[in-house]
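This briefing covers helix packing, the nonpolar cores and a few individual residues. Please read it alongside the sequence and the coordinates.

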Amino acid sequence: MELLGALIATNSALTLVEELQIPIDSIAFFCDNTAVLHWIIHKKPTDKWVSNRINTIANTVTPLNEQHLHPSFRYVPTDQNPADIGTRGSTLTALINNDLWQQGPDFLEKPETEWPKMLDSSPENEREIHCYTLNIELTKFPIHQGNSHIQPEQEYESIVPYNNTFSLGKLVTVMQKVMKFAQNLLIKRNTRYQNTPYLWQSKRMKEFAMATINKNEVEKRVISLQYIIQDHYLDAEKRLHPNPTIPPNISQDEHGIYHYKNSYVNKNKKNMPKSLIYIIHKHPLARLIALDSHKSLLHQGRKDMASDIQQKYWIKRITTLTRSVRKSCVTCKRQHGKPYKYPFATALPTVRTQSCRPFQHVGIDYFGPIGYKTETGNSGKLWTMLTTCLITRAVHLEVVPDNTTSSFLLAMRRLVGRRGSPRTIISDNAPAFTLGYAMINADITTMVNSSQTLTAYLASNEIEIRQITPFAPWQGGVYERIVAIVKNMFYKTIGTVSRI
Ligand SMILES: [Zn+2]
């Protein structure tokens, strides 16, 4: 923003010089940003965008130089910069009473020798020009000695964001980026101050630096994961109360990671790793590992998860952990969840408990198709309309040659002719069955609403139609169970008889 301010200021100065009819001796630009002053005076910007603006400023200043107006760029302290008031915002009353805004900084009233000094002979180094401009003594970096023993004892503060992600892979990526950032900082610092180079004290960061030099991305991920595992032991001490105790059959390796050594693992299963990494089961890392395994196994059950995790890690109470992870998985919930909660059996409805004649209240369903062949060799399909009495559970079967409205109507007529007109019919309207079955069902259900003939017929016989709720097949359990029994008996009896 200060760079753009400088650009506007130089443009304005050029316009004013051309338009004003007042003799001008010299021009001074003030800026409170030492970085911008460094770019303008020494012309060493690193950025292309900045470089273009600096060139524009230089081109604007050239005609001022040619007119011997001696344009100079100087530093103004922030507390004496009236432009700062504008950028920070102020009320009108405050502006009226503000001397800095009305009259400018105090030093302008004094001789030029008391103004902030010219920066033409300032040092070229960015850090040095900052100190030169602000009259600060340049402090030297302390010589690097390694500071692990200098730091005072303090409570361990983990930098790993365990609770901000549900993926171990992402966590490793985040830590890899953090380590890369630290590595880049050190490289940048050492490039600038080559006489006093800093070196990593941490063994893990040394390894990470080596992996960076070798461009070994896999190694970098392994180091990041090792760091996370090592960190979680220390984090658990702070996070968990009471502090977790390390079991006796666990030993620590040179990387600070605890291993579970089991003789069973060593002797009987040669393909199994010699030791398993010990993870504290109450720490969030254990959950992330379980989640990772669950996803990599494409949402398998808890036993598969436990078996997969135990290929590499040793976690106490793994069954509880895997069960909890499996239970909270949204994908699994969505897949295994049912549209409705299966209801407890309630009191039977009136139509099933009051005494009445058989087939006064019925449930209707189709089953099939059943393939057949005629003597002439023609083959075809037919369906069976099953009607069950809701009181006596008696069954009446009617053959339906196709799934047309007229066939259904004829079957209904035969039913009424043989068993009398029903008062109540329960049928389903499930759309998710097989296509043929759905088409048949559609006949029963939509025809009731769409076919005027059927509606008129049902109306004339005062028959009440009840359709069960979609996706709730248990509501039609009263006839579905009978369908299952009849189908079993039917197919067992008929077998593969090819002629009817
Ligand atoms: Zn799942």
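Glu237 is partly exposed, because the number of other C-beta atoms within 10 Å of its own is 14, and a residue in this class falls between the limits of 12 or fewer for exposed and 20 or more for buried. The model is a predicted one. In its chain of 500 residues, buried residues make up 20%.

**Glu237 and its surroundings**

- Glu237 belongs to helix H10, which spans residues 217-239.
- Not counting residues up to four places away in sequence, Glu237 touches Tyr156 and Asn243.
- Tyr156 is 81 residues from Glu237 along the chain, and the C-alpha atoms of the two are separated by 8.8 Å.

**Overall make-up**

- The chain contains 19 helices and 11 strands.
- Among contacts in the chain with a separation of 6 or more, 61% are between residues 24 or more positions apart.

**Helix H8 against helix H10**

- Helix H8 covers residues 168-192, and its axis comes within 9 Å of the axis of H10, with a crossing angle of roughly 100°.
- H8 and H10 are therefore roughly perpendicular to each other.
- On the H8 side the contact is made by Leu171, Val172, Met175, Gln176 and Met179, and on the H10 side by Lys220, Arg221, Ser224, Leu225, Tyr227 and Ile228.
- By class, the residues of this contact between H8 and H10 are 7 nonpolar, 2 polar and 2 charged.

**Helix H12 against helix H13**

- The axes of H12 (residues 284-296) and H13 (residues 302-309) come within 9 Å and cross at roughly 115°.
- That angle makes H12 roughly perpendicular to H13.
- H12 passes H13 in a right-handed crossing.
- H12 contributes Ile289, Ala290, Ser293 and His294 to the contact, while H13 contributes Met305, Asp308 and Ile309.
- The contact of H12 with H13 has 4 nonpolar, 2 polar and 1 charged residues.

**Helix H12 against helix H14**

- The axes of H12 and H14 come within 10 Å and cross at roughly 60°.
- This angle makes H12 oblique to H14.
- The crossing of H12 and H14 is right-handed.
- From H12, the residues Ala286, Arg287, Ala290, Leu291 and His294 meet Leu321, Thr322, Val325 and Arg326 of H14.
- The contact of H12 with H14 divides into 5 nonpolar, 2 polar and 2 charged residues.
- Ala290 and His294 of H12 take part in the contact with H13, and Ala290 and His294 also take part in the contact with H14.

**Nonpolar cores**

- The largest nonpolar core has 33 residues, of which Ile228, Ile279, Ala286, Ile289, Ala290 and Ile315 touch the most other members.
- At least two residues of this core come from each of H8, helix H9 (203-214), H10, strand S5 (276-279), H12, H13, strand S6 (313-315) and helix H14 (318-328).
- Leaving aside its neighbours within four places in sequence, Ile289 is in contact with Leu168, Ile279, Ile309 and Tyr313.
- A second, separate core of 20 residues includes Phe408, Ile425, Ile468 and Ile482.

**Positive phi in residues other than glycine**

- Arg317 is a residue other than glycine with a positive phi, near 50°.
- Arg317 lies in the loop between S6 and H14.
- Arg317 counts as exposed because it has 12 other C-beta atoms within 10 Å.
- Phe359 is also a residue other than glycine with a positive phi, near 65°.
- The loop that holds Phe359 runs between helix H15 (330-336) and strand S7 (361-373).
- Phe359 counts as buried because it has 22 C-beta neighbours inside 10 Å.

**Val61 in helix H3**

- Val61 is found in helix H3, residues 48-66.
- Val61 is buried, since 20 other C-beta atoms lie within 10 Å.
- Leaving aside its neighbours within four places in sequence, Val61 is in contact with Thr10 and Pro71.
- Asn11 is 50 residues from Val61 along the chain, and their C-alpha atoms are separated by 8.5 Å.

Terms used:
Residues are numbered from 1 along each chain as its sequence is written. This is a predicted model: local features need pLDDT of at least 70, side-chain atom pairs count only at pLDDT 80 or more; totals for chains, interfaces and linings use all residues. Axes are lines fitted to C-alpha atoms, for helices over the stretch in contact, and angles run from 0 to 180 degrees between N-to-C directions. Helices (H or I, at least four residues) and strands (E, at least two) are DSSP runs, numbered from the N terminus. Angles under 35 degrees count as roughly parallel, over 145 as roughly antiparallel, 65 to 115 as roughly perpendicular and the rest as oblique. A crossing is left-handed if the near helix is turned anticlockwise from the far one by less than a right angle, and right-handed if clockwise. Two residues are in contact if their C-beta atoms, placed from the backbone, lie within 7 Å. Ala, Val, Leu, Ile, Met, Phe, Trp, Tyr, Cys and Pro count as nonpolar, Asp, Glu, Lys and Arg as charged, and the others, Gly among them, as polar. A nonpolar core is a set of buried Ala, Val, Leu, Ile, Met, Phe, Trp, Tyr and Cys residues joined through C-beta atoms within 7 Å.
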